[in-house]
Amino acid sequence: MLDVGCGTGLCFPRLQAKVGAEGRIVGIDESADMLDIARGHIADHGWENVTLVTAAADRAAIPASADAALFSAVHDILQSQPALDNVFEHLRPGAWVAAAGGKWARAGVLSLDPITYAVHQPYVRSFAGFDRPWRLLERMLVDFTVTEVAFGTGYLAAGRLP
């Protein structure tokens, strides 16, 4: 399992529940400070099946071939074709890909956009593509679905590699 933009490892407990002790998680993040916090969580839980890679997703040397990838709250990575290409090169055919994060609210709920902006602004370099953050993924995956959540200010997307 690849956790792309894993940050402090917030998703690791749920990923551990999915992969089990025999599975492997590779967390990728360009922030050494965030990964230092993740290392603390890994040590606290005694997880020996987590490898951390300190690099931007487009340049990460990913030490595995995985059955799934998670992109959680990583808008900028999802807007980068080179980052997606690098990650997808390390996924097996038929691998599941899931993404979740913020987005601009759908028409009729536009008054939520200032709140959405305030929440995401510290973590997003560019809001380009924030209306459909999954636009690159949907071209690369099959059986692709998107569910809007939080009054249209968030989404859950999933699909498989062909």
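**Pockets.** I began with the term: on a 1 Å grid over the protein atoms alone, a pocket is an open set of points where a 1.4 Å probe fits, with protein on both sides within 12 Å along at least five of seven lines, and lining residues have an atom within 4 Å of a point. Grid points are joined across faces, edges and corners, and a volume is the space filled by probe spheres set on the points.

I noted that this is a predicted model, where local features need pLDDT of at least 70, side-chain atom pairs count only at pLDDT 80 or more, and totals for chains, interfaces and linings use all residues. Residues are numbered from 1 along each chain as its sequence is written, and side-chain values use heavy atoms, with hydrogens and water left out.

The largest pocket holds about 910 Å³ of space. I found 38 residues in its lining, with G5, D29, A73, V74 and Y123 nearest the centre. Which helix or strand gives the most to that lining? It is α3, with four residues. (Helices are DSSP runs of H or I with at least four residues, strands are runs of E with at least two, and both are numbered from the N terminus.) I sorted the lining by class and got 21 nonpolar, eleven polar and six charged residues. Here Ala, Val, Leu, Ile, Met, Phe, Trp, Tyr, Cys and Pro count as nonpolar, Asp, Glu, Lys and Arg as charged, and the others, Gly among them, as polar.

Next I looked up the second largest pocket, at about 250 Å³. Its lining includes M1, C11, W96 and A158, and α1 (12–19), β4 (66–72) and β5 each supply at least two residues. By class I wrote down ten nonpolar, no polar and two charged residues.

**Sheet.** I traced an open sheet of seven strands, ordered β3-β2-β1-β4-β5-β7-β6, with mixed pairing. Two strands pair if DSSP finds at least two bridges between them. β3 (50–54) and β6 (142–149) are the edge strands with a single partner each, so one side of each has no neighbour in the sheet. The twist from one strand to the next averages 15 degrees. For angles, axes are lines fitted to C-alpha atoms, for helices over the stretch in contact, and values run from 0 to 180 degrees between N-to-C directions.

β1 and β2 run parallel, joined by three bridges, and D3 sits opposite G27 in β2. I then saw α1 packed on the sheet, touching β1, β2, β3 and β4, with its direction at about 150 degrees to that of β2. Contact means heavy atoms within 4.5 Å.

On to β4. It pairs in the parallel sense with β1 over three bridges, where V4 has F71 as its bridge partner. With β5, β4 is also parallel, over six bridges, and there A66 partners L91. Why is β4 largely enclosed by the rest of the structure? Because five of its seven residues are buried, meaning under 20% relative accessible area, with exposed over 50% and partly exposed in between (1.4 Å probe, protein chains only).

Most residues other than glycine have a negative phi. A73, in the loop between β4 and α3, has a positive phi of about 55 degrees. I checked A73's relative accessible area: 61%, exposed. F151, in the loop between β6 and β7 (154–160), has a positive phi of about 55 degrees too, and F151 is exposed at 66%.
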